[in-house]
Every structure is written in structure tokens, then in C-alpha cells.
Amino acid sequence: MTGIAIGLILPFAGTILGSVTVFLLKDNLAPGTQKALNGFASGVMIAASIWSLLIPSMEMTADFFLPWLPAAAGFLIGIFFLLFLDKVIPHFHAAASRAEGPNADFKKATMLFLAVTIHNIPEGMAVGAVFAGLIAEQGSIPFVGALILSLGIAIQNFPEGAIVSAPMRQFGFSKFKAFLFGTASGVVEPVAALLTILLTAVLVPVIPVLLAFAAGAMMYVVIEDLIPDSQQGPHSDAGTISAACGFVLMMVLDVAFG
């Protein structure tokens, strides 16, 4: 249970550490550092989507008439669910520039906070789904793989915490309030993960679909956010190399301990 608790807390810890940067840095993270973090998280999450989520999902349905169908359906549902979220809420890259008029800074802060918070829910579900599979003892999901998945999301959450807290400071909030905003944006992840685990008994029949859903949601974040952020402007090679390193690390750990 201790290992599961660590796995649930890791992504939130990444958000907290990212939010702490508001106390340490005068400006935002250096572009090269942010691109390297985004690239590394991309590689980890792509490999995790394959070895920790999609492959176990298909192994659980190996005896089905169409063993690939639950994984394919869940993956696409995850993709379109995140696409739906991007359509109905402000995308966090654009949120800070959409508010106008009186109290514009407060509106910008609120939109940015809500955008990042809502995008964190599927990531929490992804962690919860993996650990739910472990608890249900279905498939071949390795504990180390689940833990590395949590670590990969935590690495991705580090710049996200800074993305929320640093603009809050620019909007006129105190450093402490900016830190609280950044931290609060990540609270939904352990909550969503825990709720998914608590529903394990109900979710057992659909765990293959849920794992694939988590893979689709994570791949959408990687393709839509992390990879573009790691490749725009200078220092794109840092993002590319870090992505390769993250992918290989996750693949090796998952296969070696799987």
C-alpha cells in the first residue's frame, strides 16, 4: 500500500515543486530547461502508453474474439475526450490572453487555473487505472512500470506548476498566493487516481478499456502540448534528445521489471 500511496502522490509532488519555483526564480524556467523537461516527459509518457497501458490492455483481452477492439476503442475515446475538453475549456497556452475588460488579471488567472486543473484530471485517472489493474491482478502490469508512469507525469507537472504560479505572480498575486494556485491545480490528480482505485471492484470488467483510455488521453497531451512546446524556437534539440532518453528509460525499466 505504501508503494501505491507514493505512486498517487508523485504527480502532485511534481506540481508542488514546479509551483515552488515562484519563490526561487525571478523569471520563468530557462527555455532550454523547459524544453528538456517537456521532451523527457514526452518520451516517458509515450513509452508508458505502450508498455504500461496498451500492451497490458490487449493482454487482458487476449481471449476475446477481437482482442484489439477494447484497446483501440478505449484509446480513441481517450483522444476524443481530451479533444472535447480542449474545445469546451480554454487551452492553457491561450488562456492568459483571452480575458479583457475590468478585473482582467483575475479573469486570466482563473481561466489559466481552471484550464490546467481540468487537463490534470485524465492524468490522475491514468495513474489510478494502472494501480487499479495492479490491485485487481489483471494482465502483466509491473509495479515498477506503474511507478515510472507516475514519475513521468510528475516530470511533466513540474513545468505545469510553474506555468500556473509564475503568471499568477505577474498578474499581481503575492508569491505565496501564486504558489497556492499552482499547487491547487494539481490536487485533482491524486483525487482522480484515488477515486479510480476505489471503484476498482466496479471497474474490473472495463479495466482494459480504461487503461487504453488513459493511454489515449496521455498521447493527446504529448502530441498537442508537450512535443510542440519542446520543438518551438531555439534549443529544440534539447527536447528531442530528452524525449529519446525518456522513451528508452521507460521502455528499459518496464521491460526489465515487467
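The following dialogue explains how to read several features of this predicted model.

Me: What does it mean to call a residue buried or exposed?
Reply: Buried means under 20% relative accessible area, exposed means over 50%, and partly exposed lies in between (1.4 Å probe, protein chains only). Of the 258 residues in the protein, buried residues make up 48%. Glycine 186 is an example: its relative accessible area is 0%, so it is buried. Glycine 186 lies in the loop between helix 7 and helix 8.

Me: Which residues is glycine 186 in contact with, leaving aside its neighbours within four places in sequence?
Reply: Contact means heavy atoms within 4.5 Å. With those neighbours left aside, glycine 186 is in contact with Phe12, Thr15 and Asn120. Glycine 186 and alanine 13 are 173 residues apart in sequence, and their C-alpha atoms are 8.5 Å apart in space. For the protein, among contacts between residues at least 6 apart in sequence, 84% join residues at least 24 apart.

Me: Is glutamine 156 buried or exposed?
Reply: Glutamine 156 has 1% relative accessibility and therefore counts as buried. Its place is in helix 6. Leaving aside neighbours within four places in sequence, glutamine 156 is in contact with Ala41, Met45, Glu123, Val221 and Leu226. From glutamine 156 to glycine 18 the separation is 138 residues in sequence and 9.6 Å in space, C-alpha to C-alpha.

Me: What is a nonpolar core?
Reply: A nonpolar core is a set of buried Ala, Val, Leu, Ile, Met, Phe, Trp, Tyr and Cys residues joined through side-chain atoms within 4.5 Å. In soluble globular proteins, nonpolar side chains tend to be buried together. Here the largest nonpolar core has 41 residues, of which Leu8, Leu53, Phe131, Leu211 and Met218 touch the most other members. Several helices each supply at least two residues of this core, including helix 1 (2-24), helix 2 (31-60) and helix 10 (207-231). Helix 10 gives the most, with 14 residues.

Me: Which residues is leucine 53 in contact with, leaving aside its neighbours within four places in sequence?
Reply: Apart from those neighbours, leucine 53 is in contact with Ala48, Val130, Leu211, Ala214, Ala215 and Met218. There is also a second, separate core of nine residues, which includes Phe113, Val116, Phe171 and Phe173.

Me: How many aromatic pairs does a search of the whole structure find?
Reply: Rings of Phe, Tyr and Trp (its six-membered ring) pair if their centres lie within 6.5 Å; planes under 30 degrees apart count as stacked, over 60 as edge-to-face and the rest as tilted. The search finds four aromatic pairs. Phenylalanine 23 and phenylalanine 179 form a tilted one, at 5.6 Å centre to centre and 50° between the planes. This pair links distant parts of the chain, with phenylalanine 23 in helix 1 and phenylalanine 179 in helix 7 (residues 175-184), 156 residues apart. Phenylalanine 23 is partly exposed, because its relative accessibility is 38%, whereas phenylalanine 179 is buried at 16%. Phenylalanine 173 and phenylalanine 181 form an edge-to-face pair, 5.2 Å centre to centre with 65° between the planes.

Me: Where is phenylalanine 75?
Reply: Phenylalanine 75 is in helix 3. Its relative accessible area is 21%, so it is partly exposed. Not counting residues up to four places away in sequence, phenylalanine 75 touches Leu54, Ala212, Phe213, Ala215, Gly216 and Met219.

Notes. Residues are numbered from 1 along each chain as its sequence is written. This is a predicted model: local features need pLDDT of at least 70, side-chain atom pairs count only at pLDDT 80 or more; totals for chains, interfaces and linings use all residues. Side-chain values use heavy atoms; hydrogens and water are left out. Helices (H or I, at least four residues) and strands (E, at least two) are DSSP runs, numbered from the N terminus.
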